[in-house]
Amino acid sequence: MTELRYMASTLVKIDIHLIFHVKNTGIKLRESDLDRIFSYIGGIIKGQGELPIAIGGRPDHIHILTSIPKTMSLADFVRVIKAESSKWIKKIAPSYDSFSWQNGYGAFSVSPSILEKTTAYIINQEKHHKRLSFKEEYKKFLDAYHIEYDEQYVFID
């Protein structure tokens, strides 16, 4: 008789590339604050039990490459990142009193075979945005992942 064996624990590794924008009617981040904001967001991710792989962006948007915690939904994970970072950013300077992230976000799966390429992309955001606007960049992601969207609504807060 064959003995059945079952896995003793849940093993999960789902890497995602998150992208979200500051609220269009809100305050953009100062270039000089970006590194410490990225670092703080890395701490939030660590607090949720994951390690950030790469965090970068520009004053109007952010890119995060990380794994999703196995005990948390993607929506809850993003909500925690956005809520905690927004609360902290407001404490940096009075000019950020009305800061907030947009309501939505983009989340794109990342194969282990392109983690290095995605990391380089995120780290080199300043260079990419000399050629492309955020809207152009974001639409390229939506198109590459075959995500249907209505351009009239995709960039509204």
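Guide: Start with a definition: buried means under 20% relative accessible area. Keep in mind that this is a predicted model.

Visitor: Why is S86 called buried?

Guide: S86 has 10% relative accessibility. The cut-off is under 20%. So S86 counts as buried.

Visitor: Where is S86 found, and what does S86 touch?

Guide: S86 is found in helix α2, residues 74-92. Leaving out residues up to four places away in sequence, S86 touches F99, S100 and W101.

Visitor: What makes a set of residues a nonpolar core?

Guide: The members are buried residues of the nonpolar list, joined through side-chain atoms within 4.5 Å. The largest such core here has 25 residues. L29, I41, I62, I64, I81, I89 and W101 touch the most other members. At least two residues of this core come from each of β1 (15-21), α1 (34-47), β3 (61-67) and α2. There is also a second, separate core of seven residues, including I19, F108, F141 and L142.

Visitor: Which residues does I89 touch, not counting residues up to four places away in sequence?

Guide: I89 touches L29, I37, Y96, F99 and W101.

Visitor: How many aromatic pairs does the structure hold?

Guide: Nine. A pair of aromatic rings is described by the distance of the centres and the angle of the planes.

Visitor: Why is the pair of F108 and Y138 called edge-to-face?

Guide: Check the distance, then the angle. The ring centres are 6.4 Å apart, and pairing needs them within 6.5 Å. The planes stand at 75°, and over 60 degrees counts as edge-to-face. So the pair of F108 and Y138 is edge-to-face. This pair links distant parts of the chain: F108 is in strand β4 (residues 106-109), Y138 is in helix α5 (residues 134-144), and they are 30 residues apart. Both are buried.

Visitor: Why is the pair of F108 and F141 called tilted?

Guide: The centres are 5.3 Å apart and the planes are at 35°. Stacked needs under 30 degrees, edge-to-face needs over 60, and the rest are tilted. So F108 and F141 form a tilted pair. F108 in strand β4 and F141 in helix α5 are 33 residues apart. Both F108 and F141 are buried.

Visitor: Which residues form one aromatic cluster?

Guide: F108, Y121, F134, Y138, F141 and Y145.

Visitor: How do you know that K82 lies over the face of F20?

Guide: K82 is at 5.3 Å from the ring centre of F20. The distance limit is within 6 Å, and there is also an angle limit, within 35 degrees of the ring normal. K82 is listed as lying over the face of F20.

Conventions
Residues numbered from 1 in each chain as written. Predicted model: local features only at pLDDT ≥ 70, side-chain atom pairs only at ≥ 80, totals over all residues. Heavy atoms only, no water. Helix = DSSP H or I, 4+ residues; strand = E, 2+ residues; numbered from the N terminus. Buried < 20%, exposed > 50% of the residue type's maximum accessible area, 1.4 Å probe, protein only. Contact = heavy atoms within 4.5 Å. Phe/Tyr/Trp six-rings, centres within 6.5 Å; stacked < 30°, edge-to-face > 60°.
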